Amino acid sequence: MQNESTDPSLEELRQALATARRAVVFTGAGISTESGIPDFRSPGGIWERTRPIDFHEFVESEDARREYWSRKFEGHEAITAAQPNRGHEAVAELVRRGTARVVITQNIDGLHQKAGVPDEHVIELHGNTTYAACLTCGAHHALEPIREAFLAGGALPVCRACGGIVKTATISFGQTMPVEAMGRAQDESQACDLFLCVGSSLVVFPAAGLPVIAKRGGARLVIVNRESTDLDAIADQVLNREIGETLARAVAGAEP
Ligand code: NAD
């Protein structure tokens with residue numbers, strides 16, 4: 001590891017953070033791996049073991065719904081017990097300082113909020129896995145009773161209000177994106193002066209289009225990710241490093 005004062009790429013990131021007036025932090029599953037939640041595409045990630053259940057499959061097939069809830073409750077503990085790591089804490093500090101106005105996240109684990117970012121500063125593009133909702137009328141449902149009934153006798157949840165199909169409040173492949181969150185994310189990306197992408201393979205659209213909107217709007221684009229991404233070519237800076245240590249060191253040295 002390089003000495004603090006002779007690490008030019010970290011120094012460049014500090015400068016970018018110290019001079020930003022309106023930054024956006026955009027996060028993917030990679031920021032939560034240090035909290036013990038596997039990502040999708042890293043070696044050992046979720047998709048080496050399972051393929052995703054498409055929204056239409058979920059709606060049309062009872063078997064698919066059974067498989068969906070079974071997977072959900074297998075991974076449930078990992079998410080409910082997870083604690084924010086140094087990466088989430090550094091992001092929360094950027095919001096507290098006013099450097100970042102919003103955190104746009106593809107994650108569904110709620111760890112930005114747990115690290116102290118107020119709800120109104122987090123834009124969740126792919127929803128939230130801590131509760132469920134009816135696909136017909138939108139009524140919210142707590143997960144715990146669903147879990148108990150499913151584990152006890154394999155019961156699939158139906159809406160108590162209208163009898164519709166109930167699913168976690170997340171956005172699956174093939175499901176319509178949340179219009180309000182997506183619109184806000186596009187506006188913030190367009191208006192920011194620094195767009196910091198953290199822990200995303202940048203292959204899931206339309207979320208992965210946001211760095212392009214920011215860049216076209218004149219923002220500096222910085223990518224922090226272990227592996228290369230398709231958007232490295234248009235980025236102003238790419239740091240192929242571990243997220244927790246990198247953000248903790250960069251944010252600590254970038255007090256305005
Ligand atoms: P992804 O799995 O496609 O990409 C994660 C990237 O992070 C990879 O390129 C990987 O190299 C990098 N990475 C992982 N750990 C890292 C670390 N410690 N330091 C540096 N880089 C690291 O994830 P994505 O781009 O967010 O897209 C996948 C979808 O997965 C999203 O829509 C999201 O909703 C969903 N997802 C969310 C969670 C969560 O909420 N924590 C977990 C898994 C998947």
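## Helix packing

The axes of helix H4 (residues 62-81) and helix H7 (residues 143-153) come within 11 Å and cross at roughly 115°. That angle makes H4 roughly perpendicular to H7, since angles of 65 to 115 degrees are placed in that class. The crossing of H4 over H7 is left-handed. The model described here is a predicted one.

Two further helix pairs share helix H10. In one of them, helix H5 (residues 86-97) and helix H10 (residues 243-252) have axes that come within 7 Å, with a crossing angle of roughly 30°. H5 and H10 are therefore roughly parallel to each other, the limit for that class being under 35 degrees. Their crossing is left-handed. In the other pair, helix H1 (residues 8-19) packs with H10 at an angle of about 55°, and the two axes are 8 Å apart. This makes H1 oblique to H10. H1 passes H10 in a right-handed crossing, whereas H5 and H10 cross in a left-handed one.

## Ligand surroundings

There are 29 residues around the ligand, and those that come nearest are Arg41, Gln106, His126, Ser200 and Ser201. By residue class, the shell around the ligand divides into 9 nonpolar, 12 polar and 8 charged residues.

On the backbone side, an N or O atom of Gln106 lies 2.4 Å from a ligand oxygen atom, and a backbone N or O atom of Ala29 lies 2.8 Å from an oxygen atom of the ligand. On the side-chain side, a polar atom of Asn225 lies 2.9 Å from a ligand oxygen atom. The ligand on its own has 860 Å² of accessible area, and the protein covers 97% of this.

## The loop between S7 and H9

Which loop holds Leu202? Leu202 is found in the loop between S7 and H9, and Pro206 lies in this loop as well, with strand S7 spanning 194-198 and helix H9 spanning 210-216. Both residues have backbone geometry worth checking in the model.

Leu202 has a positive phi of about 55°, although Leu202 is not a glycine. The peptide bond from Phe205 to Pro206 is cis, and its omega is near 10°. As background to these two features, most residues other than glycine have a negative phi, and most peptide bonds are trans.

Conventions: Residues numbered from 1 in each chain as written. Predicted model: local features only at pLDDT ≥ 70, side-chain atom pairs only at ≥ 80, totals over all residues. Heavy atoms only, no water. Near = heavy atom within 4 Å. Polar contact = N/O pair within 3.5 Å; in protein donor to acceptor, adjacent residues only side chain to side chain. Areas by Shrake-Rupley, 256 points an atom, 1.4 Å probe, with all protein chains shown as cover. Nonpolar A, V, L, I, M, F, W, Y, C, P; charged D, E, K, R; others polar. Axes fitted to C-alpha atoms, helices over the stretch in contact; angles between N-to-C directions. Helix = DSSP H or I, 4+ residues; strand = E, 2+ residues; numbered from the N terminus. Parallel < 35°, antiparallel > 145°, perpendicular 65-115°, else oblique. Left-handed = near helix turned anticlockwise from the far one by under 90°.
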